[in-house]
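Biologist: I'm new to this one and would like to learn how to read it. Could you put it up and walk me through a few features?

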Amino acid sequence: MENGGSEGWALDPGVSRGAEVLIFDPRPDDPPSFFSYHANGEVQLHFELGGYDPAGAQPELLRPALKADGVIPPEDCLDDMLGMDEELSSHEQRRRVLTVIGEHFELFLPQQTIVSGHLPVVITRTSPPTSW
């Protein structure tokens with residue numbers, strides 16, 4: 001998960017050879033948020049929130065779960081799902097997307113570990129991104 005100066009959108013999918021790489025950037029100051037899933041050296045799924053137009057080798061991977069959780073409308077029409085005057089807040093949309101991603105990829109962090117434990121870390125950059 002990245003935030004502020006993220007360049008995950010430009011990550012070479014080749015880093016996923018032999019591993020799975022999940023990138024979620026909430027971009028609260030510069031929407032839209034985006035999610036990318038890389039595996040086997042290629043982009044499996046990439047989408048931005050606020051309009052669902054997935055790309056990658058498995059563009060439909062999360063569509064059923066996102067529809068079931070109300071993140072994207074059943075018929076790709078927001079009015080059909082929520083009504084003319086109702087929309088998900090960006091915070092609620094990000095929360096629901098993170099829930100779907102976590103459940104699909106079995107990513108769970110126990111609250112006690114988050115609050116008082118040590119989380120595993122991987123260093124992906126040793127200098128500021130070029131966008132800074």
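Biologist: Which residues is L45 in contact with, leaving aside its neighbours within four places in sequence?

Modeller: Contact here means heavy atoms within 4.5 Å. By that rule L45 touches F35, S36, Y37, Y52, P54, A55, G56, Q58, P59, L61 and L62. Before we go on: this is a predicted model, where local features need pLDDT of at least 70, side-chain atom pairs count only at pLDDT 80 or more, and totals for chains, interfaces and linings use all residues. Residues are numbered from 1 along each chain as its sequence is written, and side-chain values use heavy atoms, with hydrogens and water left out.

Biologist: How many residues does the largest nonpolar core have?

Modeller: Terms first. Buried means under 20% relative accessible area, exposed means over 50%, and partly exposed is in between (1.4 Å probe, protein chains only). A nonpolar core is a set of buried Ala, Val, Leu, Ile, Met, Phe, Trp, Tyr and Cys residues joined through side-chain atoms within 4.5 Å. The largest one here has 16 residues, and those with the most contacts inside it are F35, L45, F47, L62, L66, V97 and I101. Strand 2 (34-39), strand 3 (42-48) and helix 3 (90-104) each supply at least two residues of this core. Helices (H or I, at least four residues) and strands (E, at least two) are DSSP runs, numbered from the N terminus.

Biologist: Let's stay with strand 2. Is it mostly covered or mostly open?

Modeller: In a regular strand the side chains alternate between the two faces of the sheet. In strand 2, F34, S36 and H38 sit on one side and F35, Y37 and A39 on the other, and all are buried. That makes six of six residues, a mostly covered strand.

Biologist: Which strands does strand 2 pair with?

Modeller: Two strands pair if DSSP finds at least two bridges between them. Strand 1 (residues 20-25) runs antiparallel to strand 2 over six bridges, and six bridges also join strand 2 to strand 3, again antiparallel. Take F34: its bridge partner is D25, and F34 stands opposite E48 in strand 3.

Biologist: What is the phi of N40, in the hairpin of strand 2 and strand 3?

Modeller: The hairpin has two residues between the strands, and N40 takes a positive phi near 55° there, in a residue other than glycine. N40 is exposed at 65% relative accessibility. E106 also has a positive phi, about 55°, although it is not a glycine. You'll find E106 in the loop between helix 3 and helix 4 (111-116), exposed with a relative accessible area of 64%.

Biologist: How many salt bridges does the structure hold?

Modeller: A salt bridge is a side-chain nitrogen of Lys or Arg within 4 Å of a carboxyl oxygen of Asp or Glu. The structure holds three. R63 and E60 meet at 2.4 Å, N to O; R63 is buried at 14%, while E60 is partly exposed at 42%.

Biologist: Which residues are linked in a network of salt bridges?

Modeller: E92, R95 and R96. The closest N and O atoms of E92 and R95 are 2.7 Å apart, and E92 meets R96 at 2.8 Å. Both E92 and R95 lie in helix 3, three residues apart, about one turn. E92 and R96 are four residues apart in helix 3, so about one helical turn separates them. E92 counts as buried at 19%, whereas R95 is partly exposed at 43% and R96 is partly exposed at 21%.
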